[in-house]
Amino acid sequence: MAVSSCSTFKNTLPSPVINRNSYCSGMRKTHLRSLCFFSSTSLRSFTYRRKHLQFNGFTAWSSQPTFHNESPDQELAVLLEIEGVLMDAHRMGNRQSFNVAFQKLGLDCANWTEPIYSDLVRKSGGDEERMLALFFNKIGWPTSLPSNEKDAFIKRVLKEKKIALDDFVLSKTSPLRPGVEEFIDDAHYAGIPVVVLTAYSKSGDKIARSVVQKLGDERFSRIKIVGEEEMEQSMYGQLVLGNKALSSGLDEQLAREITKAASAEKQRIAEEVASMLKLSVDLDTSSTESLQKVVVTLRAGAEYAEVPLCNCVLVAGSQTGVVAAERIGMPCVVLRSSLTARAEFPSAKAVMDGFGGADLSVSKLKQKRWS
């Protein structure tokens, strides 16, 4: 498995050979975006510190990136997911959301108490479609429902449940995970950038951002958010997701190399997804595109944090995030939630139960003490 490196530009670049795992990792966002202005027909330049480069038909400036600390190994950034990290909405509101859905659909006989819900979760392994099937197989399906429409009925229930859960997340009563606010404050005072990833949230970018706003105006102003727009506008996002304007502005040979590298990236992700789906039932993605989106978001998070990829730590609450982090060589720490209480995360640096105390703290991240 490829691991990202912390490489920087050197003083000479004899040919436009692109290292697909490292060409973005050490560069600053403003300098990365400068690439969009290169033209294959004219000699142009941009400023990246002091060193001057001649690079296949255009002129550029380059040097090693600067760090806040003397050693690059001391620089650190934290990337936070939404589900299971900032908020454990399933623990607080999933059961109630099912009951709201039952009421909206006129299913007066269906009401899940905590013991019923816990038993269904245990028997189904958390698969919500299976939870509904087990429940109605036991108490009986609605009498007006044809037997060949059971799957469609389950999908209607889950659709209403999602709407109810989204409403719960947006409400003022839905709490953040204990200790997350203090964790973000500690990171700020330690000079560690905090990036919240909303681009691949199950609830959608808009609802995920509303969760971030629960941190309060002061904390909200201190963090960076990578949603769908930020992901797509990042340098790596433009390359992998296919920005035609970017490609047309690059030197023709360089553009071909970038396109080739992006295609190889997509192919590797496809092959790894196929392999992982055979090995793990916990993987909560079923398509190459969804894993690719997470990978692009993680790389964009490092770019917006202005910290090399290998010095970023993802605090994940999902299997997808863990798989994507392993894919690109980003260290990952998992916070267990109601959705991942029984899941295994062999590639994670650590698996913890929450923030603060004996669990995840900024001091542990800085010292790389994972246990």
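## Basis and overall make-up

The model is predicted, and local features need pLDDT of at least 70, side-chain atom pairs count only at pLDDT 80 or more, and totals for chains, interfaces and linings use all residues. Residues are numbered from 1 along each chain as its sequence is written, and side-chain values use heavy atoms, with hydrogens and water left out.

The chain holds 15 helices and 8 strands, where helices (H or I, at least four residues) and strands (E, at least two) are DSSP runs numbered from the N terminus. Of its 371 residues, 49% count as buried, a term that means under 20% relative accessible area, with exposed meaning over 50% and partly exposed in between (1.4 Å probe, protein chains only). Among contacts (heavy atoms within 4.5 Å) between residues at least 6 apart in sequence, 63% join residues at least 24 apart.

## Helix α4 and its two partners

Two packed helices are described by the angle between their axes and the distance between the axes. Helix α2 (residues 89-104) packs with helix α4 (residues 128-139) at an angle of about 50 degrees, and their axes are 14 Å apart; axes here are lines fitted to C-alpha atoms, for helices over the stretch in contact, and angles run from 0 to 180 degrees between N-to-C directions. That angle makes α2 oblique to α4, given that angles under 35 degrees count as roughly parallel, over 145 as roughly antiparallel, 65 to 115 as roughly perpendicular and the rest as oblique. On the α2 side H90, N94, F98 and F102 take part, and they meet E128, L132 and F136 of α4. The residues of this contact divide into 4 nonpolar, 2 polar and 1 charged, where Ala, Val, Leu, Ile, Met, Phe, Trp, Tyr, Cys and Pro count as nonpolar, Asp, Glu, Lys and Arg as charged, and the others, Gly among them, as polar.

The axes of α4 and helix α5 (residues 150-170) come within 10 Å and cross at roughly 120 degrees, and these two helices are therefore oblique to each other. From α4, E128, E129, L132, A133 and F136 meet F153, I154, K155, V157, L158 and K161 in α5, and the residues of this contact divide into 7 nonpolar, no polar and 4 charged. Within α5, L158 is buried, with a relative accessible area of 16%. Leaving aside neighbours within four places in sequence, L158 is in contact with F98, E128, E129 and L132, and its C-alpha atom is separated by 9.0 Å from that of L132, 26 residues away along the chain.

T198 is placed in the loop between β4 (194-197) and α7 (205-213) and is buried, with a relative accessible area of 0%. Not counting residues up to four places away in sequence, T198 touches I82, D205, A208, R209, V212, I225, V226 and G227.

## A positive phi at E306

Most residues other than glycine have a negative phi. E306, in the loop between α13 (288-305) and β6 (312-316), has a phi near 60 degrees, a positive value in a residue other than glycine. At 28% relative accessibility, E306 counts as partly exposed.
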